[in-house]
Amino acid sequence: TGIAGLMKKRPEWFGDGAIPLSVSGEPYRDAEGRWCGTCLSSFGIVFNRDVLERLGIEEEPKAWSDLADPKYFGQVALADPGRSGSVTKAFEMLLQQEMRRAVEQAEELQPQLVATEEAADEKQDEKAGEPGGLPSGEVWREEALKRGWAEGMRLIQKISANARYFTDSSSKIPLEVARGDAAAGMCIDFYGRTVQEQFRSADGRSRVGFVTPEGGTSIGADSVAMLRGAPDGEMATAFMEFVLSEDGGQKLWDYRVGEPGGPTKHALRRLPIRRDFYTAEHRVAMSDGEEEPYELAAKFTYHPEWTAGAFSAIRFIVRVMCVDTHDELKTAWHAWDEYGQPTRSLAAMEEMNAVRYDTALDSIGRVLRERDRIKETRLARQLSDRFRQQYALVERLARNGR
């Protein structure tokens, strides 16, 4: 019974041609058969076409950076990452994208950077045993990750500055966008697609759109497993076989309402996990037949070693930098835009020394791991006060045209 039993019964389902072990750093099933993905999910941007037209925004958003445009001021729907793990994950995807860009740029200069490192290593050998010696190893990659982290944090900061407010649940984001209370927001793909489907008119057009930023998110798997001690293992296994079968659950995930084998009342708008399901025969009956999740997944490789250890720190930093200080952040951002977007004011906004990559992994991460509420509160107050002062400086510089 269980997935392990299905792997023996249906070996053709479990391989690169159907359900691979992993894709671009994201696991899709367990090699020992303890669990298996059933459908795919990612993060993206849900938007309201009517609101975009009203705001004079001609191009629909396609990338995370589009949400940082001052034209979206007060029109972005976000959830408090302290209350939503999925929104924190979306921010992590954004950070990973910027870090990867920084590494790719550094790799283009790798010969020069490696030569610089070798020279540094020679100096370190000369200063062996002396304090303050130069570091060895792939310094260029470490520096690139730091730069990418900082750029990602700046992007999160600007998107948050455009936020209408931070809601307490990520599931509310597409609803607020659909109602016209916001122009766009960050959400899980099936939240966005579901609302898009709900507001589709008879002519096939929907005022709600959804886009997955190319290269801006990993494609993960939502999985199924049989619990240890399940009272009816055969029934549980039969259900999992149905969910993974081509003519069963895989059709239900994304077939249009009324299609043979599809749902009868509501389209689920979930992308099936089986790679061999994406054939011409199935695509004509699918709600999202044009989607290429495996091609999209290949354009984003998730590196857990970069940010997974900083997941709690990301949530904490966004809180002190954007949520707790949201009024001050919005005021500063609006002043910067209203007074001609002066250079020094923007530079003051983008100063990220307090939440550097190494700081997030080290000192901030250490406080969070200790689970000492007093220390955490003290650190949150300290960083929030620092950002409030920073945003006040941004506003002053902007009003002085600097």
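Arg269 is found in the loop between α9 (249–254) and β10 (271–272), where helices (H or I, at least four residues) and strands (E, at least two) are DSSP runs numbered from the N terminus. The structure is a predicted model, in which local features need pLDDT of at least 70 and side-chain atom pairs count only at pLDDT 80 or more, whereas totals for chains, interfaces and linings use all residues. Residues are numbered from 1 along each chain as its sequence is written, and side-chain values use heavy atoms, with hydrogens and water left out. With a relative accessible area of 3%, Arg269 is buried, a class that covers values under 20% relative accessible area, with exposed meaning over 50% and partly exposed in between (1.4 Å probe, protein chains only). The phi of Arg269 is near 55 degrees, a positive value in a residue other than glycine. Most residues other than glycine have a negative phi. A positive phi of about 50 degrees is likewise computed for Ser24, which is not a glycine and which is placed in the loop between β1 (22–23) and β2 (26–27).

The loop between α9 and β10 also holds His266, which at 56% relative accessibility counts as exposed. His266 and Gln198 are separated by 68 residues in sequence and by 9.0 Å in space, C-alpha to C-alpha. Leu271, in strand β10, counts as buried at 5% relative accessibility. When neighbours within four places in sequence are left aside, Leu271 is in contact (heavy atoms within 4.5 Å) with Cys39, Leu40, Arg193, Asp254, Tyr278, Asp288, Glu291 and Pro293. Leu271 and Met286 are 15 residues apart in sequence, and their C-alpha atoms are 9.3 Å apart in space.

Glu214 lies in the loop between β8 (208–211) and β9 (220–224) and, at 55% relative accessibility, counts as exposed. Not counting residues up to four places away in sequence, Glu214 touches Lys62, Gln97, Leu296 and Lys299. Between Glu214 and Asp189 the separation is 25 residues in sequence and 13 Å in space, C-alpha to C-alpha.

Two helices were compared with their expected span, defined as 1.5 Å times one less than the number of residues. Helix α5 (residues 139–161) has 23 residues and should span 33 Å, which agrees with the 33 Å between its end C-alpha atoms. Of the 23 residues of α5, 17 are buried, so this helix is largely enclosed by the rest of the structure. Helix α14 (residues 326–338), with 13 residues, reaches 18 Å from its first C-alpha to its last, close to the 18 Å expected. The buried residues in α14 are His326, Leu329, Ala332, Trp333, Ala335 and Trp336, and they pack against α5, β6 (163–167), α13, α15 (343–349) and α17. Gly340, whose phi is positive, near 90 degrees, follows α14.

Helix packing was described by the angle between the axes and the distance between them, with axes as lines fitted to C-alpha atoms over the stretch in contact and angles running from 0 to 180 degrees between N-to-C directions. Helix α13 (residues 311–323) and helix α17 (residues 373–399) pack at an angle of about 45 degrees, with their axes 8 Å apart. These two helices are therefore oblique to each other, given that angles under 35 degrees count as roughly parallel, over 145 as roughly antiparallel, 65 to 115 as roughly perpendicular and the rest as oblique. The contact is made by Phe316, Arg319, Val320 and Met321 of α13 together with Glu376, Leu379, Ala380, Leu383, Ser384, Phe387 and Tyr391 of α17. By class, the residues of this contact divide into eight nonpolar, one polar and two charged, where Ala, Val, Leu, Ile, Met, Phe, Trp, Tyr, Cys and Pro count as nonpolar, Asp, Glu, Lys and Arg as charged, and the others, Gly among them, as polar.

Helix α17 also packs with helix α16 (residues 357–370), at an angle of about 145 degrees and with the axes 9 Å apart. In this contact Ile364, Val367, Leu368 and Glu370 of α16 meet Lys375, Glu376, Leu379 and Leu383 of α17, which by class gives five nonpolar, no polar and three charged residues.
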